[in-house]
Amino acid sequence: MQWVKVLGGVVGAAALLGLGIIVGHFAIPKGADSPAPSASASQDLDREILKTVIEQLDANRIRENLRELSKEPHLATSPRDEVLVQLLLQRWQDPQSGLDSARTTEYEVLLSFPSEEQPNRVDVVNSTGAILFSCRHSEENLTGEQGGPNVVPPYAAYAPPGTPQGPLVYANQGSEEDFKELQNKGVKLQDSIVLTRYGGVGRGAKAVNAAKYGVIGVLVYTDPKDINDGKSLPNETFPHSWCLPPSGVERGSYFEYFGDPLTPYLPAMPSSFRLNSDNASGFPPIPIQPIGFEDAQVLLCNLGGNLAPADWQGGLGCDYNLGPGFRLNGTFPEDSQVNVSVHNRLELRNSSNVLGIIRGAVEPDRYVLYGNHRDSWVHGAVDPSTGTAVLLELSRVLGTLLKKGTWRPRRSIVFASWGAEEFGLIGSTEFTEEFFSKLQERAVAYINVDISVFANATLRVQGTPPIQSVVFSAAKQISAPGSSGLSIYDNWIRYYNRSSSVYGLVPSVGTLGAGSDYAPFIHFLGISSMDIAYTYDRSKTSARIYPTYHTAFDTFDYVNKFLDPGFTSHQAVARTAGSVLLRLSDSLFLPLNVSDYSETLRSFLQAAENLRVPLEQHNISLGPLVTAVEKFEGAATSFNQRIATLQEGTSDPLQVRMINDQLMLLERTFLNSQAFPEERYYSHVLWAPRTGSVATFPGLSNAYSQAKNAGHKPAAWAEVQRQLSIVVAALEGAAATLRPVADL
C-alpha cells in the first residue's frame, strides 16, 4: 500500500497549496484593510508602487524619529524602554498610516545591572590598603546628557560580583595567544589583575582566557589607537569631533551565548523550566570592569616590567610595559596593587518585543521579516536608534499605502522591535524559540537594520549568498547621497569590492556572525538573512567601529553633527532596505539566487584542497566533498533554468509556489543540530564560528586544526571525518531540495 501513501501525499500537497492561495486571497477583510484591486494569484512586484515608496521616504522624518527615540536613555526594561514600546504600538495602530495589526510579546529574562547602593570601583591601593588613585565612576558630562539619573554607569553586564586585588599586568587584547605570550615571557599571572584593550576577541572571552592562567580580575579599555586613529586629547575628541573622549567607556554584555541565560532553547515564559543561575554557563568566571582610556593611561603608563611587544603598543603617549606591578619612580609605590570591586546583580525582568504585521494578499502564510532592537546602553542614538528611525519611516510609508487601499503585499510583512538585544540578542532569540516551527515552515527572509548609519561614505551589507542578487538589484536603482551622480551600487563598488568568477568586479557582501539580531534567524533557524547599513571609508580611518559605541556620548547631536548631518545616508538605507523588502514580499518568484551559493562552496572546496595530503595520510578522502559540490552546482543551474522557463510562460500558481518553497527552504538544508554540540544555537554548517586557520567549511577547519595540534590521536581525526561527512550530507541535501519536487 506504499503507493497509496505517495499518491495521497502528492494530491494532499497540491490541495493544501491551492487552499493556501485561496484562503490567502479571500481571508483579507474588506473595507479599509482590503487588498489592492489588482491582487491575484499572479500578483508581481509593481514598479510604480516601488517608485512611490522610494520617493516618499523622507530624511527629515527619519531625523525627527531619531530625535524622539534617543531623547532619553532607554536601557532594556527601563521606564523609557516601555515608553518606546507604546510609541511603536501607537505608530503601527495609527488610522492613517498604521499596519493591519500590532502587538507585544513579553518574556521573563535574566538581566544584569550594577548596584545603585554599591557602585563598581577600580582603585590603586598601597601596601596598607590606602587608596592612591580611583578610576572615574561615570563619564564626564560634556554636553549635559552624560550626568542624568537614568544614565547607567559603565559596567560589564553579567560579570560576577567580587573584590579581587593584585598586581597589575598588561595583557593586550586578552586573547589566548596574548596570555601564552605573557607566560612564555615569564610574566607572573597567578593572582594578578590584567588590563586589556577592546578588540581581537569577544568581551567575555577576555575573562575566560584570563581565568585559565590564574588571573583574578580583568579591566578593559578602548585604546585611542584602535578607535580614534590615535587622537586622545580633549580638544581632539567629542564634542569637537566624532572621536571618543578620554572618559568614554564602552559598556556591553559579557555573556558568552545569545538568548536568555536561564532558558536555552526554550522561550522565556513564566512557566518555562529555568536553570539555576549558579549552574548556568556562559557567564564570565571572574570579575571584570570597563574603564576609560584616561584612567587606563594612568595605570598603563606607570607599569613596570619589560617593554610590551611593538604590536601591543597603543596611543596613550607612553611605552606600554607588561608588569607585573608598577615601575620605580612612577606615580605609585612599586608594591601598589589594583583593587577591582564589582557589585553587579542578576534580576529577572519582563522584556517586550513589538510586532507590526501587514497581511499578504496572496500568500499570507509566507513571512518577510524586518527587524531591529529597541534597547540601548544609554541614549543609543546610533545603536540602535538609527535603525529604528528608518524602520518607523518605512513602516509609515507602507502603512499609508495600505490604509489608502492602493497596495497590499503578496506575502505578509512582519516588522519587529526586539527587546534586550544588548544583553545578548535576547528578544529575537526568544521569538525564534517560541515560533520555531512556524518560522522554519513559513519565513522567507529576515532583514536586519540595526545601526543603519555608522558613517556616510558607502553601503555595507552582510548576508547569505542568495540575498546578494536582490540587494544588488535594489542598490542599482537608487541614487547615492551627495553629488557624485552614482547609484548606491556604483558608489559601493568603489569602496568595497571583490573579483567574482561569475560576475567580475562586484561589491563585497560580508558574512553574518553574531553581532545583531540576525544571528538566531540564520544560525538557529536557517532563514536567509541580511544586515544593511551605511558605513565609513576604510582608507580614512582604522576605527573598529564608530568611536562613541556603547557610551553616554552616543547622542542625537553626535549623529546630526558628525555622522550624517543631512540624514541622506539614513534615507539611502531606508530606500535600499525598503526596495529589498518590497522585492521579497511582492515578487511573483522570490528574488533569491541559489547559484550564488555555488561560488561560496567552490571557494570552500578550493581551501579544503590544501588539506588533501594530510587528510589522505589519515585515510580521509575529499572525493565525496568534491562530488557533493558538483552535485549542488548542477542542481542549482538546472533549477535556475526551470525558473526561467516558468517566467517565459503563463505561470501556474502551484508551480510558482513549489519553486518559491524550494528557494525559501534551501538555507534550512545546511542545518545540522549535531554538528557543533559545544556551540549553543549554531547549527548552520557553512556559517558557524571558524576557529581553524583554513578558510573552508567551519566544522572541517576547526576539527582539522584541533587534530593537527593533537598529533596522531585517532579520536581527533575521527572528528575530522565526521565533520566532512556532515558537510557532504548537507550539500547533497541542498542539491536534492533544488531538484524537481516530483523527483523523489
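**Exercise 1. Which residues have the most contacts inside the largest nonpolar core, and how many residues does this core have?**

Solution. Keep in mind that this is a predicted model.
- Step 1: Start with the size of the core, which is 236 residues.
- Step 2: Pick out the residues with the most contacts inside it: Phe 415, Phe 423 and Leu 625.
- Step 3: Look for the element that gives the most to this core; helix H22 (residues 714–738) does, with twelve residues.
- Step 4: Zoom in on Phe 415. Leaving aside neighbours within four places in sequence, its contacts include Trp 92, Val 354, Tyr 370, Leu 391 and Leu 581.

As background, nonpolar side chains in soluble globular proteins tend to be buried together.

**Exercise 2. Classify the ring pair of Phe 632 and Phe 670, and find where its two partners lie.**

Solution. 
- Step 1: A search of the whole structure finds 43 aromatic pairs.
- Step 2: For this pair, the ring centres are 6.5 Å apart and the planes stand at 50°. Planes under 30 degrees apart would be stacked and those over 60 edge-to-face, so the pair is tilted.
- Step 3: Phe 632 belongs to helix H19 (residues 623–648), while Phe 670 lies in the loop between helix H20 (653–665) and helix H21 (698–710). The two are 38 residues apart, and the pair links distant parts of the chain.
- Step 4: Check the burial cut-off, which is under 20% relative accessible area. Phe 632 has 0% and is buried; Phe 670, also at 0%, counts as buried.

**Exercise 3. Work out the strand order of the eight-stranded open sheet, then find the helices that pack on it.**

Solution. 
- Step 1: The order is S1-S12-S14-S13-S15-S20-S16-S19, with mixed pairing.
- Step 2: Find the edges. Strand S1 (101–113) and strand S19 (509–510) each have a single partner strand, so one side of each has no neighbour in the sheet.
- Step 3: Inspect one pairing. Strands S13 (residues 363–373) and S15 (residues 443–448) run parallel and are joined by five bridges; Leu 369 has Tyr 446 in S15 as its bridge partner.
- Step 4: Helix H4 (residues 79–92) touches S1, strand S12 (345–358) and strand S14 (411–418), and its direction makes about 10° with that of S12. Helix H9 (residues 381–404) touches S12, S13 and S14, at about 145° to the direction of S13.

**Exercise 4. Where does the charged end of Lys 476 sit?**

Solution. The charged end of Lys 476 is over the ring of Tyr 489, 4.8 Å from the ring centre.

Terms used
Residues are numbered from 1 along each chain as its sequence is written. This is a predicted model: local features need pLDDT of at least 70, side-chain atom pairs count only at pLDDT 80 or more; totals for chains, interfaces and linings use all residues. Side-chain values use heavy atoms; hydrogens and water are left out. Rings of Phe, Tyr and Trp (its six-membered ring) pair if their centres lie within 6.5 Å; planes under 30 degrees apart count as stacked, over 60 as edge-to-face and the rest as tilted. Helices (H or I, at least four residues) and strands (E, at least two) are DSSP runs, numbered from the N terminus. Buried means under 20% relative accessible area, exposed over 50%, partly exposed in between (1.4 Å probe, protein chains only). A charge sits over a ring if NZ of Lys or CZ of Arg is within 6 Å of the ring centre and within 35 degrees of the ring normal. A nonpolar core is a set of buried Ala, Val, Leu, Ile, Met, Phe, Trp, Tyr and Cys residues joined through side-chain atoms within 4.5 Å. Contact means heavy atoms within 4.5 Å. Two strands pair if DSSP finds at least two bridges between them. Axes are lines fitted to C-alpha atoms, for helices over the stretch in contact, and angles run from 0 to 180 degrees between N-to-C directions.
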